[in-house]
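I opened this notebook to record what I looked up in one structure. The entries follow the order in which I worked.

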Amino acid sequence: MRVDLSELEETVRKLGRLATAMGESVTRSKYNTYLPEGALGSHRFVESNELTDAHRTMKAHIEEVVEVINEAVDDFGTKTKTVHGNYQNAEYDAKYGMDRLSSGSGE
């Protein structure tokens, strides 16, 4: 069975772009969803407090989900790069290792 290294390279590139986009999502979820105190009304407005609390809870949940996805993409990207490197090394050894052995310069 032969592995298509160009496909692995393309996967690594795509995962790199996805990781970059996910990094932006992490930043956005943390800093672009800030809701200042009192933005939904005064403290006398009971629903304002409930909405603010609900927003904080959902914001924290979204941050956690985005972080988990970001870590998964990063992990998969790292593993894909490693596999690509291993296959590349194996291909090199198969191609040039035989040349060294047949020329009698084996180490």
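Before reading any residue, I noted the terms for accessibility: buried means under 20% relative accessible area, exposed means over 50%, and partly exposed lies in between, with a 1.4 Å probe and protein chains only. I also noted that this is a predicted model, in which local features need pLDDT of at least 70, side-chain atom pairs count only at pLDDT 80 or more, and totals for chains, interfaces and linings use all residues. Residues are numbered from 1 along each chain as its sequence is written, and side-chain values use heavy atoms, with hydrogens and water left out.

**Entry 1. The chain**

I looked up the secondary structure and found two helices and zero strands. Helices (H or I, at least four residues) and strands (E, at least two) are DSSP runs, numbered from the N terminus. Of the 107 residues in the chain, 17% are buried. The chain exposes about 8300 Å², and carbon and sulfur atoms supply 57% of that area; the areas come from the Shrake-Rupley method with a 1.4 Å probe, and for residues only the protein chains shown count as cover.

**Entry 2. Helix 1**

I checked the span of helix 1, residues 5–31. Its 27 residues reach 39 Å from the first C-alpha to the last, close to the 39 Å expected at 1.5 Å a residue. The expected span is 1.5 Å times one less than the number of residues. Among the buried residues of helix 1 are Leu-8, Leu-15, Met-22 and Val-26.

**Entry 3. Asn-70**

Which residues does Asn-70 touch, leaving aside its neighbours within four places in sequence? I found Ala-19, Met-22, Gly-23 and Val-26 in contact with Asn-70, contact meaning heavy atoms within 4.5 Å. Asn-70 itself is found in helix 2, residues 46–102. Asn-70 counts as buried because its relative accessibility is 17%.

**Entry 4. Ser-48**

I then turned to Ser-48, which also lies in helix 2. Its relative accessibility is 2%, so Ser-48 counts as buried. The side chain of Ser-48 reaches the backbone oxygen of Gly-41 at 3.1 Å. Apart from neighbours within four places in sequence, Ser-48 is in contact with Leu-40, Gly-41 and Ser-42.

**Entry 5. Salt bridges**

How many salt bridges does the structure hold? I recorded seven, a salt bridge being a side-chain nitrogen of Lys or Arg within 4 Å of a carboxyl oxygen of Asp or Glu. In one of them, Glu-10 pairs with Arg-13, with the closest N and O atoms 2.9 Å apart. Both lie in helix 1, three residues apart, about one turn of the helix. In helix 2, Arg-56 and Asp-53 are also three residues apart, and the closest N and O atoms of their salt bridge are 3.2 Å apart. Arg-56 counts as partly exposed because its relative accessibility is 43%. Salt bridges that share partners join Glu-10, Arg-13 and Arg-17 into one network.

**Entry 6. Aromatic rings**

A search of the whole structure gave me one aromatic pair. The ring centres of Tyr-92 and Tyr-96 are 4.6 Å apart and their planes stand at 45 degrees, so the pair is tilted. For the terms, rings of Phe, Tyr and Trp (its six-membered ring) pair if their centres lie within 6.5 Å; planes under 30 degrees apart count as stacked, over 60 as edge-to-face and the rest as tilted. Tyr-92 and Tyr-96 are separated by about one helical turn because they are four residues apart in helix 2.

Terms used. Polar contact = N/O pair within 3.5 Å; in protein donor to acceptor, adjacent residues only side chain to side chain.
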